[in-house]
Amino acid sequence: MTPADMDQALELSPRAVRPSWRDRVLRGLIGALALAALIAMAVDVGVTPTALAAGSGKLATFLRAMIPPNAGGELVRIVRALGETFAMAFAGTVLAAVAALPLGVFGAKSVVPQPLLHFGFRRVLDMFRGVPALVWALIFVAAFGLGPFGGVLALAIADVPGLAKLYAEAIENCDEKPLEGLRSAGAAPPVVLRYGLLPQVAPLMASQTLFFLESNFRNAAVLGIVGAGGIGFELEERIRIFAFDEVAFIVLLYVVCVAVLDTISQRLRARLA
Amino acid sequence: MTAAVEVFEQERRRVLRRRRAEALIGLLAFSALLALAFQRSEFFSADIGGDPLGRIGEFLARMVPDLKAEALLEDRQARGSLAWWYYDLPLWLRTGWQTVEMALIATTAGAAAACFAGFACARNLMPLAPVRFVVRRTLELIRTLPDLIVALILVAAFGVGPLAGVITLALSTFGSLGKLFAEVNEEVDPRPLEALEASGAGLARKIRYGVLPQVLPNYASYALLRLEGNVAAAAALGIVGAGGIGVELQRAITYTEFDTYLAILLLIVAMIFLIDIGSEQIRHRLIGLGAKR
Amino acid sequence: MLELQGVTKRFGDTVAVDNVSLACRRGEMVGIIGRSGAGKSTLLRMINRLSEPDAGKILWESREVSRLRGDDLRRWRRRCAMIFQQFNLCPRLDVVTNVLVGVVAERPLGPTLFKIFPAADRARAVLELDALDMAHAALQRAGTLSGGQQQRVAIARAMLQDPDVVLADEPVASLDPVNAEVVMEALQRICHERNVPVLVNLHSLEIARTYCTRVIAMAKGAVVFDGPPQGLTPAVLERVYGRRAGRTLEPLPAVEAA
């Protein structure tokens, strides 16, 4: 590399030969600032190495106490609680589906073509989609007393916005051509919906509902923490008295149940697709 | 001709009979399950104090704040004003911000760890099969544990406060992003990697110049999506004592201030909504960049 | 001199490269022709050691490169530049960084992880790009370039490796005729100016005849012809491409190339 070569290269593309240091420094600075902000936040909420170290010893004791898992002679009760959790998930999902169906139809652009109405409706659904079921469960249990009633209601309400949105999308994304074909053959509107729309959207909706059932089974397990019954209640009780061998047993059993339900539901969804 | 029709009709009847039987079994199974579910969950027989509809009406009435049109904009002392409804707004905003902080820290920590895990269990980047197997199983195990159960145990260990919540969220973020990152890594275009290998580059340089430029936009997009979910999850974690605005929800319930609960709930909804919109903007820009390449 | 002695590669039951022996001198432009699946790609990939030969030896200046391991192997790969049919650039990196990838293996790991290269490397990259008439695009993302431009960037990358041997695996198969000409002329120039052996896999017989000083024809993994392009008689082509090509001579390879 002679100086002449260097000059020639610089003339051809100065920035490729000497990348701007200012850019680099700036980028480094932004990175450093982001890191500093993150550390400041961590300190603000109390996430510090000392705090971590302080709790890890206890956590290690807990984990050691989990082995070997032990049913504590209450297997029947645990299985019954698992059944109750599934019952809550199933009932909640069905209620949510029933409520979401009309909302979904109403939310579909092809059904309600008024853009402002459509946009507003969807935004409201979007806003409430994020509220976790536990937040609903807390207030329903307070209002209606301990027991699965509040849990089922919480699961249903937490699901409605998400399901309604998916239903609406299923209706919007359906292929127009079969409907057109039916109309051209002189079919009445109900017939068009029955033979044109329903065969397209029903499997999709069913599959999405099953997906929600899966996630509800996971959510239902924690509702017991706020008093909505089921396996969450059993778990909370045992964590409070530090019976970690029983906690481990319940969690393991529950994980197996989740896996089984997921497998069944995936099979069903594969058949629907 | 008639024979063909006969064969068709027979076939049709057979298929129809089978389909009807299947549908009937399915319907029966579904109804039985549904009946059992409602019975087990005591939904309809639930004792919520008699007169269920009345109870629900009463509950809704208690949740809606007693706002008065003429006092709406007055200060906290005036019963029926907005300020009276949101009487502890500064505290709620502070704890709300704490919830966002929890989500940010947990997402960053979880995503950083997931980067390593994503490389350690990608078929095309990690040649040692046992390492891939162990990392993959670990991620799977973490994903199956319900967040709030983990949070309960961690609150018992680390005490009440955001630390337990942050660890919980970081763990579950690690589990889900680790899997997603590994999938992104495995879908990388192998040709630039081959060119790097052909020019004598080792694994580190292959990752830096062949993999990272391809995967980073996808990583960022997944991490942002996860951040949205984590803000909502962090809000719920407060209910079990893991810090943030959820603690205030729990307090409102303890004092049976249902209208306060609604106030905080709406605040949470707005907060999640704002984060979603912001992150959506960034994600769309990231994807836009991706489309241009 | 690059020498192959009885090089063989099997994939399961099929023999991809069957006992190939040949030698190339510096400054020789060798076209390797044959139908798809004749073993051309595998042959080149074994020379760079992207594939391991099952038997035989590969030597460079009497040193056995088919035995190299670890750092020695990576050093050989650096000296044995490879150009690919699909360019194999990273579309999201800018052009000059893609070219710098040619020296990335030689520079210390730390700085390269932050894309920090000596100014001399960058200047060389720009000059190599300029030699291929691509300096104007140095800061563009590689993905925004056309196929012909991308291949020229890939050649610049290969040149930055300061290669002792250049291997090109179907470098023009994805390009239109005009770009194919530009790329083949660039390879020819490199061959003469740097006095290195250039081995090019080609689908098109015509291109091989135009640019190469020597043609090696392969069929079913074995070398069936090795000599100047003038020696490609219809009888030879029949052995390479099968019966139909022998009769009609040009059309079949041309169609395959398109």
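**Entry 1: chains C and B**

How many residues of chain C are in contact with chain B? I looked this up first: 30 residues of chain C touch 22 residues of chain B, where contact means heavy atoms within 4.5 Å.

A note on what I am reading: this is a predicted model, in which local features need pLDDT of at least 70 and side-chain atom pairs count only at pLDDT 80 or more, while totals for chains, interfaces and linings use all residues. Residues are numbered from 1 along each chain as its sequence is written, chains are lettered from A and ligands numbered from 1 in the order in which they are written, and side-chain values use heavy atoms, with hydrogens and water left out.

I then looked up the area buried between chain C and chain B, which is about 2,300 Å², with 62% from carbon and sulfur atoms. Buried area is the accessible area (1.4 Å probe) that two parts lose on being put together, summed over both.

The rule finds two salt bridges across this interface; a salt bridge is a side-chain nitrogen of Lys or Arg within 4 Å of a carboxyl oxygen of Asp or Glu. I noted the one between C:Arg45 and B:Glu194, at 2.2 Å from N to O.

**Entry 2: chains B and A**

Next I turned to chain B and chain A, where 53 residues of chain B are in contact with 58 of chain A. The buried area is about 5,100 Å², and carbon and sulfur atoms give 84% of it. B:Arg40, B:Phe43 and B:Ile153 lose the most area on the side of chain B, together 11% of what that side buries.

How many salt bridges cross this interface? The rule finds zero, and one residue pair in polar contact. Helix 6 (residues 147-158) of chain B gives the most to that side, with eight residues. Helices (H or I, at least four residues) and strands (E, at least two) are DSSP runs, numbered from the N terminus. That side of chain B divides into 41 nonpolar, five polar and seven charged residues.

**Entry 3: the sheets of chain C**

I found an open sheet of four strands in the order 2-1-4-5, with antiparallel pairing; two strands pair if DSSP finds at least two bridges between them. Strand 1 (residues 2-11) and strand 4 (residues 55-60) of chain C share five bridges, and C:Leu2 has C:Trp60 as its bridge partner.

Another open sheet of chain C has six strands in the order 6-7-8-3-9-10, with mixed pairing. Its edge strands are strand 6 and strand 10 (222-227). Strand 3 (residues 29-33) and strand 9 (residues 214-219) run parallel, joined by four bridges.

**Entry 4: two backbone notes**

The peptide bond from A:Ile67 to A:Pro68 is cis, with omega near -5°. C:Arg49 has a positive phi, near 75°. Most residues other than glycine have a negative phi, and most peptide bonds are trans.

Terms used:
A polar contact is a pair of N or O atoms within 3.5 Å; within protein, one must be able to donate a hydrogen and the other to accept it, and residues adjacent in sequence count only if both atoms are side-chain atoms. Ala, Val, Leu, Ile, Met, Phe, Trp, Tyr, Cys and Pro count as nonpolar, Asp, Glu, Lys and Arg as charged, and the others, Gly among them, as polar.
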